[in-house]
Amino acid sequence: MTTVLERDAATTGTAPSPLLQVSHLDVGFRPRGSHAVRPVVQDVSLSLPRGGCLALVGESGSGKSVTARTLVGLTGAGATVSAESLVLGGATPERDLDLASLDAAQWRRVRGGRIGFVLQDALVSLDPLRPVGREIDEVLRLHTELNRTERSHRVRELLASVGVPEPQLRAGQRPDQLSGGLRQRALIASALAGEPELLVADEPTTALDVTVQAQVLELLDQARGRGVGVLLISHDLSVVARLADTVAVMRGGRIVEQGPARSVLEDPQHEYTRALLAAVPSFATRGRRLSLDAGAPEAAEPGASVPDASVHSTALPDAAGSAPAGTAPAAPSASHVAPAQATRTGRGEHAASGKDDTRGDVVLQATSLRKAFRTPGGTHVAVADVSLALRRGRTLGIVGESGSGKSTTARLVLGLTEPDAGEVTLDGEAWAPLPEGRRRGRRRRISVVAQDPLSSFDPRWRVERIIADALPARLPRAERAARVTRLLGQVGLTDAVAHRLPLTLSGGQRQRVAIARALASEPEVIVLDEAVSALDVSVQAQVLDLLARLRDEFGLSYLFISHDLGVIAHLSDDVLVMRRGEVVESGDVRSVLTAPQHPYTQELVRAADVLHTPDRTGRRTA
Amino acid sequence: MSTDLAPGTQGTPTPGAPTLDSAVAAPSTQALATPEPTLSVQADPSPSGTRNPATARAGALRRLSPGLLLAAVLAALYLLAAVAPGLLATHGASELNLSAALTPPGWAHPFGTDEVGRDLYSRVVYGTRTSLLIGAGAAAVSLSLAVVLGTLAALGPRALAAVVNRVVEVQFAFPTLLLALLLVAITGPSAVAQVFAVAIGTTPGYARMIRGQLLGVRGSGYVEAATLLGHGRGRILLRQVLPNALRPLVAVFALCVGQSIVWASSLAFLGLGVAPPSPEWGALLDAGRAYVVHAPWLTLIPGLVIVVLAVVATTLGRHLQAALDHEEH
């Protein structure tokens with residue numbers, strides 16, 4: 001511990017050199033069998049003081065993770081790294097370390113010693129066959145002089161310091177025996193074990209539930225308080241807002257904006273930063289479009305370097321606010337409800353909350369659903385007692401953490417799993433429990449959009465056939481093709497996509513295809529199970545805008561399931577908060593979010609901070 | 001196959017032939033970087049411009065390794081020998097020449113001659129048809145049985161599935177050759193017996209594989225999606241489950257043919273196959289056994305021919321599998 005104190009003294013001392021100084025960093029990858037280097041990171045300059053927190057923000061493919069990996073020497077074979085300077089500053093100038101000149105053996109001494117590294121998913125980065133205590137012990141063995149007993153003492157101390165209860169017991173457990181939050185804490189403990197000066201955290205909270213996420217952020221903040229510099233990599237602006245004092249926004253391998261967190265998040269200068277901030281859904285963004293310009297962000301997607309990307313983006317209907325040519329007055333057979341509602345112009349309002357509640361009859365109702373699964377350790381009650389009512393033209397959000405039973409609820413409502421007790425009715429008619437044969441004819445009234453659209457597409461089928469499969473049977477060939485084209489247009493895709501295999505589409509395009517298929521059967525209800533969770537924030541914004549537009553255009557009712565309270569707050573009219581298989585609170589989204597009654601809802605609202613856009617939160621101090 | 005190979009064959013001497021380079025250079029994508037484009041390609045950009053629609057082709061051409069090329073040429077030779085042995089053979093299959101008995105391999109007789117002076121090379125060529133037919137027949141029977149058993153085990157009614165599973169497991173417990181031997185011992189040696197013996201010996205492994213495939217596909221997201229669209233069970237079975245689960249079998253068949261020929265030859269070597277005067281490869285091995293000390297080529301060469309065929313079939317099967325996987329992912 002004395003070293004930490006010394007380090008503290010150093011930080012408070014006179015003008016120390018920055019902990020990390022990176023200037024003009026370029027990283028490129030050379031594909032196998034090629035001589036051309038593909039640049040991934042270009043001209044990145046960063047500076048991080050001791051005890052500071054610098055956040056690298058950007059979407060997938062922006063180069064932020066590659067930058068982080070470069071700083072721990074893990075870029076891998078085939079990468080070329082060049083920088084004007086890449087220096088880890090020591091307490092004294094003699095301890096300055098030129099990271100660019102290290103060989104593999106030297107890196108091993110630095111990694112885990114002077115630089116700690118925390119990855120996104122602790123389940124993947126921890127050895128599944130090794131107790132977590134041993135993992136931490138190894139770091140101590142490599143980087144400290146402690147003997148065996150001192151080390152085991154220190155392991156417990158470290159685990160306790162990151163808030164792991166019963167450290168003695170937990171140290172002996174393997175990663176799969178720990179919860180996600182505990183795993184991440186153990187990983188952070190192992191990263192801190194070597195008393196690093198710099199902690200590189202690559203999406204440290206992305207896989208975690210919001211309440212756990214808040215605790216992990218607290219932990220990183222504490223480390224910072226002890227003088228550790230934290231380089232935080234995240235796509236999540238609310239995480240960044242809480243922890244970072246400097247923010248660098250990356251896009252396409254370059255830093256487009258860099259500055260103090262407060263000014264970047266509150267008064268963004270670069271257009272891209274503004275778009276990124278505006279794309280974050282929250283209670284405050286209700287009824288507003290999230291994507292600024294429909295064209296640009298989609299084109300920036302890494303997977304979008306496809307021949308028709310430009311065609312596609314210009315054809316996005318949202319940009320003009322009017323329906324695409326394909327949607328217009330619609331062929332006589334298009335029996336979709338009330339296209340007349342779509343007479344909005346400009347950057348239209350979705351009228352999520354503003355409209356009167358006359359469109360109110362209940363489409364889908366579930367009463368006292370219960371479902372238990374047999375597990376090796378007994379029975380696990382996934383859904384204990386859930387009742388819900390979805391009204392026509394409205395969106396019912398179900399929010400809860402992983403394991404809260406929200407996906408099981410969705411499966412029960414869809415009739416994919418039969419409930420142990422309770423019943424579901426669709427338009428007042430029995431829906432579940434019911435033999436599949438008696439449900440099949442009405443299946444088309446409920447559509448579904450899942451989190452991972454790719455796995456819900458037959459891998460042999462092209463987009464055209466995937467969508468046509470959901471159309472009514474026995475349509476003439478020409479009519480089928482016309483309908484597919486129209487549906488693609490409705491979700492903002494061009495006809496060129498029709499002949500592609502889903503695998504070659506970007507994440508956003510795939511989700512649009514899934515939505516087009518969901519629309520094809522002209523449903524009354526669409527169940528959206530974490531439908532935007534896997535998407536980058538700007539793509540998520542576009543898909544949310546699309547969903548809102550389609551709902552208003554066709555009078556659809558959504559059962560919208562998400563772990564993200566911000567997304568729920570943005571889109572839902574009513575909300576159901578689930579925890580451990582039970583509904584702890586439900587009601588109008590405004591009253592639930594502004595005046596949460598149940599302590600769990602209160603915690604959720606606080607942790608997710610949905611009532612404000614992230615730019616107003618500022619950084620919390622420990 | 002041959003059309004795919006054509007451009008590659010022109011440039012065989014050096015791997016990374018100019019034709020390949022230009023084909024790769026055609027699409028302007030960064031991801032497909034050019035391995036040192038030759039001067040001729042750089043000097044004349046026009047063909048790359050006109051060949052843009054062939055972008056998909058470029059990937060296939062790029063994967064054309066020398067190994068695959070060699071396998072394809074050899075496979076063509078084997079097929080030619082099976083279809084028109086007269087074109088390749090230098091002598092008749094049973095043309096005796098006692099004065100040249102047991103001649104070692106040389107100019108006149110590339111594979112040497114046997115104890116009655118028959119040209120071994122020509123006998124191998126004439127034996128190809130029988131050997132390949134036995135191999136392909138066994139593979140076809142084996143996979144057909146496997147499809148039936150695997151489908152019943154995966155999708156059949158619970159009780160039936162359980163029975164089929166046990167049967168397959170018991171079958172699995174016997175070594176392949178033992179099972180085949182047993183069968184031939186019962187029926188007596190013949191080509192047909194050989195086919196069925198090998199088929200039944202190799203079926204259990206494939207049945208298990210097919211069952212796994214079917215179960216995987218049945219639990220997949222797209223089958224669930226089809227259910228949610230209101231499609232009936234039969235339609236989902238025909239449209240989604242069977243095609244997706246059985247698709248990998250195309251490649252497996254090639255592997256299975258190679259394997260079957262090896263098994264069939266082993267049976268013949270043990271005297272449980274086609275009778276000796278036939279030039280079937282296993283029978284050649286068996287006949288050569290008596291002279292293994294004085295005329296080792298009589299066993300060595302047919303053995304090598306079998307090994308090469310197995311390698312060729314395996315190589316082609318692997319590439320086919322990779323190509324199918326690539327299309328999938």
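In chain A, helix α5 (residues 132–143) and helix α6 (residues 148–161) have axes that come within 9 Å and cross at roughly 120°. Axes here are lines fitted to C-alpha atoms, for helices over the stretch in contact, with angles running from 0 to 180 degrees between N-to-C directions. Helices (H or I, at least four residues) and strands (E, at least two) are DSSP runs, numbered from the N terminus.

Before going further, a word on the source: this is a predicted model, in which local features need pLDDT of at least 70 and side-chain atom pairs count only at pLDDT 80 or more, while totals for chains, interfaces and linings use all residues. Residues are numbered from 1 along each chain as its sequence is written, chains are lettered from A and ligands numbered from 1 in the order in which they are written, and side-chain values use heavy atoms, with hydrogens and water left out.

### Two helix pairs

Back to the opening pair: α5(A) and α6(A) are therefore oblique to each other. For reference, angles under 35 degrees count as roughly parallel, over 145 as roughly antiparallel, 65 to 115 as roughly perpendicular and the rest as oblique. The crossing of α5(A) and α6(A) is right-handed; a crossing is called left-handed if the near helix is turned anticlockwise from the far one by less than a right angle, and right-handed if clockwise. From α5(A), the contact (heavy atoms within 4.5 Å) draws on Gly133(A), Ile136(A), Asp137(A), Leu140(A) and Arg141(A), and from α6(A) on Arg151(A), Arg154(A), Val155(A), Leu158(A) and Leu159(A). These residues divide into five nonpolar, one polar and four charged. In this scheme Ala, Val, Leu, Ile, Met, Phe, Trp, Tyr, Cys and Pro count as nonpolar, Asp, Glu, Lys and Arg as charged, and the others, Gly among them, as polar.

Chain B has 16 helices and zero strands. Buried residues (under 20% relative accessible area; exposed is over 50%, partly exposed in between, with a 1.4 Å probe and protein chains only) make up 41% of its 329 residues. Of the contacts in chain B with a separation of 6 or more, 68% are between residues 24 or more positions apart.

One helix pair in chain B is α9 (residues 158–173) with α11 (residues 191–218), whose axes come within 9 Å and cross at roughly 130°. α9(B) and α11(B) are therefore oblique to each other, and their crossing is left-handed. On the α9(B) side, Asn165(B), Val168(B), Glu169(B), Gln171(B) and Phe172(B) meet residues of α11(B) that include Ile200(B), Thr203(B), Pro204(B) and Arg211(B). The residues of this contact divide into five nonpolar, four polar and three charged.

Which strands make up the open sheet in chain A, and in what order? Six strands are arranged as β7-β8-β9-β3-β10-β11 (chain A), with mixed pairing. β7 (115–118) and β11 of chain A stand at the edges, each with a single partner strand, so one side of each is left without a neighbour in the sheet. Direction ignored, neighbouring strands of the sheet are turned by 15° against each other on average. Within the sheet, Ala55(A) stands opposite Leu232(A) in β9(A).

Helix α8(A) lies across β7 and β8 (198–202) of chain A and runs at about 165° to β7(A). Gly180(A) is found in this helix, α8 (residues 180–193), and counts as partly exposed at 28% relative accessibility.

Helix α12 (residues 271–278) of chain A is mostly covered, with six of its eight residues buried. Among the elements that cover the buried residues of α12(A) are β3 (53–57), β10 (246–251) and α21 (537–554) of chain A.

| Strand pair | Sense | Bridges |
|---|---|---|
| β14 (residues 395–399) and β20(A) | parallel | four bridges |
| β20(A) and β21 (residues 582–588) | antiparallel | six bridges |
| β3(A) and β9 (residues 229–234) | parallel | five bridges |

Val577(A) in β20(A) is the bridge partner of Val399(A), while Val575(A) stands opposite Gly587(A) in β21(A). The hairpin of β20(A) and β21(A) has two residues between the strands, and Arg580(A) there takes a positive phi near 50°.

Note on methods. Two strands pair if DSSP finds at least two bridges between them.
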